[in-house]
Amino acid sequence: MTAPLEQPSPSTGDMDALAALLRGRRLVVLTGAGCSTESGIPDYRGPGTRARARNPIQHREFLTRPEVRTRYWARSLLGWPRFSSALPNAAHQALATLEREGHVLGLITQNVDRLHHAAGSQRVIELHGALARVRCLDCEAIEPRVELQERLRALNPGFAERTAEPRPDGDAELPVEAVRDFEVAVCTRCGGTLKPDVVFFGDNVPPPTVEAAFSLLEEGDALLVVGSSLAIYSGFRFLQRAADRHMPIGLVNIGECRGGELVDVRVEARAGEVLPRLAAALATG
């Protein structure tokens, strides 16, 4: 997996300001792709990816165009092993520690990698679903992604031995001609169309998930945003709600960020370096 770009360490002043802002408050944390890049999972808008356009899977195209589904599952067959083998990094571990110690009430994540769960976080609301599940669009049956991987391999002997660059959606870069003969698996219950149980671009987060996330935010005294540019509304609305409630807002992110004027303290450094230091500072009171 691609190593994260080197970034300067956060200043003592920035760390002290962030700790002072959050100390003694019940924190709700909103995480984005920048929380997982140090685990080797690429993002769409980070400093290392802006130079190369990465076109995300579009919801409507996946639903209406069989060739798009074929291309996705072919690329997913190659990308899944690397995506699913990613391990929690220091940022995930620090957030789990903050929750265990009573500083964090819960997490709202835009990520689909389940690394917060793997690190030990208990209260996690997945805005965009999880790639670990596959859903049938016809009968709603759920299948573990790891089981589908074996079915895809059996249907396409030798295909998994190809090499390809990983993409943020858990798939990989492949030329169109490489997937023409790829055979897509169907639902084992009804023979229907399978889709990863995630919210693709152009789709909406399910209302119950949004309601649960807002409910969690209402319980908190402060919001900490980690690794998100907040470029899409599904995450930005929580920053807006926190600002409307006059909640203190901290941000740990590298690069541009939407709504920066609403943030009280910003630390521009790697989450894996900032969050362990924050956890240590809050633990000492």
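Close-up 1. R270 is partly exposed, with a relative accessible area of 25%, where buried stands for under 20% relative accessible area, exposed for over 50% and partly exposed for in between, computed with a 1.4 Å probe on protein chains only. E273, by contrast, is buried at a relative accessible area of 18%. R270 and E273 form a salt bridge whose closest N and O atoms are 3.6 Å apart, the term being used for a side-chain nitrogen of Lys or Arg within 4 Å of a carboxyl oxygen of Asp or Glu. The structure holds 16 salt bridges. This and the following views show a predicted model, in which local features need pLDDT of at least 70 and side-chain atom pairs count only at pLDDT 80 or more, while totals for chains, interfaces and linings use all residues. Residues are numbered from 1 along each chain as its sequence is written, and side-chain values use heavy atoms, with hydrogens and water left out.

**Close-up 2. The salt bridges of R133.** R133, which is partly exposed with a relative accessible area of 24%, forms a salt bridge with D197, and the closest N and O atoms of that pair are 2.8 Å apart. This pair links distant parts of the chain, since D197 lies in strand β6 and R133 in strand β4 (residues 129-136), 64 residues apart; helices (H or I, at least four residues) and strands (E, at least two) are DSSP runs numbered from the N terminus. D197 is buried, with a relative accessible area of 14%. R133 also forms a salt bridge with E126, where the closest N and O atoms are 4.0 Å apart, and E126 counts as buried at 14% relative accessibility. R133, E126 and D197 are linked with R114, R135 and E140 in a network of salt bridges.

**Close-up 3. The aromatic rings around F62.** Ring pairs link F62, Y72, W73 and F200 into a cluster; rings of Phe, Tyr and Trp (its six-membered ring) pair if their centres lie within 6.5 Å, and planes under 30 degrees apart count as stacked, over 60 as edge-to-face and the rest as tilted. The structure holds seven aromatic pairs. One of them is formed by F62 and Y72, an edge-to-face pair with 5.9 Å from centre to centre and 80° between the planes. F62 in helix α2 (residues 59-64) and Y72 in helix α3 (residues 66-84) are ten residues apart, and both F62 and Y72 are buried. The rings of F62 and F200 have their centres 5.3 Å apart and their planes at 55°, so this pair is tilted. Because F62 lies in helix α2 and F200 in the loop between β6 (194-198) and α7 (207-219), the pair ties together parts that are 138 residues apart in sequence. F200, like F62, is buried.

**Close-up 4. Charges over the rings of F200 and F214.** K195 lies over the face of F200, at 4.8 Å from the ring centre, a charge being counted over a ring if NZ of Lys or CZ of Arg is within 6 Å of the ring centre and within 35 degrees of the ring normal. R241 lies over the face of F214, at 4.0 Å from the ring centre.
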